[in-house]
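User: Can you walk me through this one? I'd like to hear about pockets and aromatic rings.

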Amino acid sequence: MHLEQLIRERRTIRKFNGIPVSENLVMQLMLKAEQLCPYEGEARWRYVYAGTPEAREKLADYLSEKIMGNKMTKLALGKLVESFHKRFMEVPANVIAIAKTDPVPGKNAEAYGRLCRILQNFQLLAWEQQLGMVWKTEPAPVLQNEQFYNRIGLNEDERFVGLLQIGYFDKAPKGRTRTPAERRWTAMESSSFGNV
Amino acid sequence: MKLIDQVIVPLSELQIDHHRPVSQKLVLELLNHAVWAPNHMLREPWRFIYVDRGEVDKLEWFSHHPAAHLIIVIKNSSNPMKQNENIAAAFCLIQNFQLLANERELGVNICVHKWMSDRQACAKLGVSEKETIVAVLELAYGVKHQGGRQRKLPNSLNWSLLSEG
Ligand SMILES: Cc1cc2nc3c(=O)[nH]c(=O)nc-3n(C[C@H](O)[C@H](O)[C@H](O)COP(=O)(O)O)c2cc1C
């Protein structure tokens, strides 16, 4: 597939079929994703993987725990949360992406940006293998809360960047068109250098 | 060529060709593919400022070597979580752009500078207080340095299993 086509046709996949995903393949693609994003020095990010049935159950527990912890919602939404839990558990492979934070703002932004770029490479490389995913950043009570961070072992000097839910799929949704870049465009050009 | 077989040659590893401009037309063409980046709720938080070499002379904090600069700006969100999602989406777009440019043998350096948070510098570029500069891309054509130092590619990941925690 041509690169332009790959970039345009990649879709966020939220519904997977049951075909198992190999951890080895996920790691290989992530390594290539890093190689396509050259950097100097130490990697200031890491990944936590959940792919075995036990790990997936554990992750589903963590993701539903905060909602279940509340007695009111447990009564009112018990069934709903159960179906949440089941849906989480059915995701074949999960990668939690974590970046190091830094008191120096520039360094902080650098590590975050680089990890985001790596994850985009990973999405494209996976799509080339017919492997789909959704990058999740949902707010509390599901993802972005202290209890969940403690469960996954996030350290003081780290930040959660995303949960990638990964799997094979039967059908890709239709893409929603994007605004042309021309409509978001400003040019600062000197008249002596008209190179359009 | 499949993406899995591509190799990125960043601008820093090129001997810049100072006579070859990077046109707005090309940058727009690549951007119109790059905007297919994932972005939550399809907020498309970005806008672009293209600065040609002639203009760079008036902006003392810019490097003078690249043929053009492309500044990636996002609209700020008062919700820090959304702000992070918007920054993440912008970096996905930037990565798309880097891959596409690389295929056309256009060198890109993705820079995060200190001055990007300086109000005066932003004002000079027409970037308002309600916006943030995410990165500045330096763009130029060139040929790979002969006998340049071979960059080491990463060969392992910081990888662990949830059940180990
Ligand atoms: C940083 C980031 C966070 C996202 N968070 C979520 C999320 O929490 N839940 C979700 O369903 N999709 C999430 N997405 C996916 C976007 O909603 C998706 O990219 C957008 O709808 C465009 O669809 P496409 O990726 O198929 O082009 C996220 C994407 C990015 C880049």
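This is a predicted model: local features need pLDDT of at least 70, side-chain atom pairs count only at pLDDT 80 or more; totals for chains, interfaces and linings use all residues.

User: What volume does the largest pocket have?

Analyst: About 920 Å³.

User: How many residues line the largest pocket, and which lie nearest its centre?

Analyst: The lining has 36 residues. Nearest the centre are Thr12(A), Arg14(A), Val134(A), Trp135(A) and His40(B).

User: Which element gives the largest share of that lining?

Analyst: α3(B) does, with five residues.

User: How do the lining residues divide into nonpolar, polar and charged?

Analyst: There are 16 nonpolar, eight polar and twelve charged.

User: Switching to rings. How many aromatic pairs are there over all chains?

Analyst: Twelve. Take Phe84(A) and Phe88(A): their ring centres are 6.0 Å apart and their planes meet at 55°, so the pair is tilted.

User: Where do Phe84(A) and Phe88(A) lie?

Analyst: Both are in helix α4 of chain A, four residues apart. That is about one turn of the helix.

User: Is Phe88(A) buried or exposed?

Analyst: Phe88(A) counts as buried, at 12% relative accessibility. Phe84(A) is partly exposed, at 27%.

User: What about Trp127(A) and Phe169(A)?

Analyst: They form a stacked pair, 5.1 Å centre to centre, with 20° between the planes. Trp127(A) is in helix α5 and Phe169(A) in the loop between β4 and β5 of chain A, so the pair ties together parts 42 residues apart in sequence. Both residues are buried.

User: Which ring does the charged end of Arg159(A) sit over?

Analyst: The ring of Tyr112(A), 4.0 Å from its centre. In chain B, Arg20(B) lies over the face of Tyr141(B), at 3.6 Å from the ring centre.

Methods:
Residues are numbered from 1 along each chain as its sequence is written. Chains are lettered from A and ligands numbered from 1 in the order in which they are written. Side-chain values use heavy atoms; hydrogens and water are left out. On a 1 Å grid over the protein atoms alone, a cavity is a set of points where a 1.4 Å probe fits but cannot get out, and a pocket is an open set with protein on both sides within 12 Å along at least five of seven lines; lining residues have an atom within 4 Å of a point. Grid points are joined across faces, edges and corners, and a volume is the space filled by probe spheres set on the points. Helices (H or I, at least four residues) and strands (E, at least two) are DSSP runs, numbered from the N terminus. Ala, Val, Leu, Ile, Met, Phe, Trp, Tyr, Cys and Pro count as nonpolar, Asp, Glu, Lys and Arg as charged, and the others, Gly among them, as polar. Rings of Phe, Tyr and Trp (its six-membered ring) pair if their centres lie within 6.5 Å; planes under 30 degrees apart count as stacked, over 60 as edge-to-face and the rest as tilted. Buried means under 20% relative accessible area, exposed over 50%, partly exposed in between (1.4 Å probe, protein chains only). A charge sits over a ring if NZ of Lys or CZ of Arg is within 6 Å of the ring centre and within 35 degrees of the ring normal.
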